Amino acid sequence: MGVIIRDLIMVAMAICLISVANAAQGTATFYTPPYVPSSCYGYQNNGVMIAAASDAIWGNRAACGRMYRVRCTGPTNQGVPQPCKSTSVVVKIVDYCPPGCRGTIDLSQEAFSAIANPDAGKIKIEYTQV
């Protein structure tokens, strides 16, 4: 019985390590309402747990509708030295953040506020497609 439990623990640890290893690193900023119209869905309301994709993930509209789990990993400046909250958020890509976009993912204000202090303005993140 002890060997089985040990093996299950090892498998669980490996799964956790794989999911962390697959997370991409980037930065996030946020934008404020109104959230429509959007590049992907026009005037369709997709709620507030949404984001705009930068060229890094946009793929000529291929990112439209993709869901990403986003977690704050740290500050990008000294303005707010510890901006992160201990949670993640799942967002749907509904818009495009054009060249000059300051982040990999431009989160809605509500999504950003769920994972970090909005006073930070820009944060380091890890994100995975779900």
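This is a predicted model: local features need pLDDT of at least 70, side-chain atom pairs count only at pLDDT 80 or more; totals for chains, interfaces and linings use all residues.
For anyone new to the subject, a disulfide is a covalent bond between the sulfur atoms of two cysteines. How many disulfides does the structure hold? There are three, and, if you count the bonded cysteines along the chain, they follow the pattern 1-2, 3-4, 5-6.

Another of them joins Cys 40 to Cys 64, again with an S to S distance of 2.0 Å. Here the torsion about the S-S bond is about -75°, so this disulfide is left-handed. Cys 40 lies in the loop between strand E1 (24-31) and strand E2 (50-53), and Cys 64 in the loop between helix H2 (55-58) and strand E3 (67-75), so the bond ties together parts that are 24 residues apart in sequence. Is Cys 40 buried or exposed? With a relative accessibility of 14%, Cys 40 counts as buried, while Cys 64 has a relative accessible area of 22% and is partly exposed.

The remaining pair is Cys 97 and Cys 101, whose sulfur atoms are 1.9 Å apart in a disulfide. The torsion about the S-S bond of these two is about 95°, so the disulfide is right-handed. Cys 97 counts as buried, because its relative accessibility is 8%.

Let me turn now to the strands. Six of them close into a barrel, and going around it the order is E1-E5-E2-E4-E3-E6, with mixed pairing. From one strand to the next, the twist averages 45°. In general, strands of a sheet pair through backbone hydrogen bonds, and they do so either parallel or antiparallel. If we take E2 and E4 as our example, these two strands run parallel and are joined by four bridges. Which residue of E4 is the bridge partner of Ala 53? That partner is Tyr 96.

Terms used. Residues are numbered from 1 along each chain as its sequence is written. Side-chain values use heavy atoms; hydrogens and water are left out. A disulfide is a pair of cysteine sulfur atoms within 2.5 Å. Buried means under 20% relative accessible area, exposed over 50%, partly exposed in between (1.4 Å probe, protein chains only). Two strands pair if DSSP finds at least two bridges between them. Axes are lines fitted to C-alpha atoms, for helices over the stretch in contact, and angles run from 0 to 180 degrees between N-to-C directions.
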